[in-house]
Amino acid sequence: MVKKSARLGDYEILVDDKSRITVLKAGEVQPKSMASLREVAEKVGFDIDPKWNTQSLGSKLVDHINNNEVAISVEEPVVEKPRKSESAPVVADADGGTISKTPSEENEVQFSEEEMKEILERFAALEARLEKLEQMVNTGAPSGDKKRETIVAHKVVTSNYGYTITSYFKTSTGRILTYSGASSANRNSHNYRKLLKDVLISIGEPMEPNPEESIETFLARLRAKYNPDQTLPTLLGGYVLAADGSLGSIKPTNKNIKF
C-alpha cells in the first residue's frame with residue numbers, strides 16, 4: 001500500500017508501507033530506481049548523501065518535493081481579481097422575441113454522443129491502468145501482462161556444524177532475496193494466523209481459510225495459485241511461504257550468490 005508519493009513532471013515516486021521505492025516515468029516503472037532518483041534530485045537541486053541507499057533517498061526526496069510545493073503555495077498565494085459584471089447576451093427566440101442566456105449557459109460545452117463514448121472509454125482505460133499500478137505496488141509484481149514473479153532457485157547457507165544461517169532466493173525477474181525479519185513456523189499458533197492474514201492483505205488476495213478446512217489444505221490451495229513449481233518456496237509479495245509451511249518476510253540483497 002502506498003504510504004506517500006510525490007510527482008515532478010513525468011516522474012512519480014511511490015513509497016509503500018514497507019519503505020520500498022517505486023519510480024515511474026510517464027506511467028512506466030523504471031528498472032533502476034536509484035538512477036531515476038538521482039535525475040529527479042538534480043532537477044530540484046537536492047543534495048545527495050553518498051551514504052544514502054535507495055529507500056533513504058526516495059523517502060527524503062518525496063518529503064523535499066512535497067515541502068517545496070507547500071512553501072510555494074504559502075509564499076505566492078493566488079489572489080483572484082474581482083470580475084466585472086457581465087450582461088447576459090440577448091438572442092432571438094423562434095417567435096421573434098428575445099431571451100437572455102447566462103454566462104454559464106453561454107460557455108457550456110456540448111459533446112456529441114460519439115465524443116461522450118470516446119471520453120468514457122478513455123476513463124475506463126485509465127481506471128484499469130491505475131488498478132494494475134496499485135496491484136503492482138502492493139504485490140511487487142511486474143506491471144503489464146508479464147507473468148507473476150516466482151522463485152526459480154533456493155539456496156540454504158549453513159554453518160560448519162550444519163545449522164541453517166540464512167536462505168537466499170532467486171526470482172524469475174533475476175532478483176536475489178533473503179529473509180529480513182518477521183517469521184513464524186507454528187501453523188497452529190495465533191501469531192502464524194495473524195501473519196498469514198497480513199500476507200494475504202498485502203498482496204490483495206481475497207482467498208482465506210474456510211472454517212471447515214485445515215490450515216495445510218488452505219496453504220496447498222495458496223501454493224497452487226501462486227507457485228507453478230511447488231518444489232520451491234512460494235513468493236507472496238514481500239513474504240516467502242516455505243515448503244514446511246513457515247512464513248518469513250524478505251528483502252532484496254546485492255550479494256553475489258551462486259545457485
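Author: Let us begin with a cut-off: a residue is buried under 20% relative accessible area, exposed over 50%, and partly exposed in between. The model discussed here is a predicted one.

Reader: Why is S19 called partly exposed?

Author: The relative accessible area of S19 is 32%. S19 lies in the loop between β2 (11-16) and β3 (21-25).

Reader: Where does A26 lie, and what makes it exposed?

Author: A26 is placed in the loop between β3 and β4 (28-29). Its relative accessibility is 56%, and exposed means over 50%; A26 therefore counts as exposed.

Reader: How do you know that S33 is buried?

Author: S33 has a relative accessibility of 16%. The limit for buried is under 20%, so S33 counts as buried. The residue belongs to helix α1 (residues 33-44). Apart from neighbours within four places in sequence, S33 touches I21, V23 and T54. In the protein, buried residues make up 29% of the 259 residues.

Reader: Is R221 to be called buried, partly exposed or exposed, and why?

Author: R221 has 31% relative accessibility. This value falls between 20% and 50%, so R221 counts as partly exposed. R221 is part of helix α6 (residues 215-226).

Reader: Which residues does R221 contact, leaving aside its neighbours within four places in sequence?

Author: Those residues are M207, E208, N210 and E213. As for P209, it is 12 residues from R221 along the chain, and the C-alpha atoms of the two are separated by 9.5 Å.

Reader: Why is α5 called roughly parallel to α6?

Author: Two packed helices are described by the angle between their axes and the distance between the axes. For helix α5 (residues 190-202) and α6, the axes come within 13 Å and cross at roughly 25 degrees. Angles under 35 degrees count as roughly parallel, so α5 is roughly parallel to α6. The crossing of the pair is left-handed.

Reader: Which residues of α5 and α6 meet, and how many of them are nonpolar?

Author: From α5 come Y192, R193, L196 and L200, which meet I215, F218, L219 and L222 of α6. By class, this contact has seven nonpolar residues, no polar ones and one charged residue.

Reader: How many helices and strands are there in the protein, and where is confidence lowest and highest?

Author: The protein has six helices and 12 strands. Mean confidence is lowest in strand β5 (residues 90-92), at 55, and highest in strand β10 (residues 234-236), at 92. Over residues 70-78 the pLDDT is below 50, and this stretch has zero contacts in the model beyond near neighbours in sequence. Residues 137-145 also have a pLDDT below 50, with 22 contacts in the model beyond near neighbours in sequence. The protein averages a pLDDT of 78, and 76% of the residues score at least 70.

Technical notes. Residues numbered from 1 in each chain as written. Predicted model: local features only at pLDDT ≥ 70, side-chain atom pairs only at ≥ 80, totals over all residues. Heavy atoms only, no water. Helix = DSSP H or I, 4+ residues; strand = E, 2+ residues; numbered from the N terminus. Buried < 20%, exposed > 50% of the residue type's maximum accessible area, 1.4 Å probe, protein only. Contact = heavy atoms within 4.5 Å. pLDDT = per-residue confidence, 0-100. Axes fitted to C-alpha atoms, helices over the stretch in contact; angles between N-to-C directions. Parallel < 35°, antiparallel > 145°, perpendicular 65-115°, else oblique. Left-handed = near helix turned anticlockwise from the far one by under 90°. Nonpolar A, V, L, I, M, F, W, Y, C, P; charged D, E, K, R; others polar.
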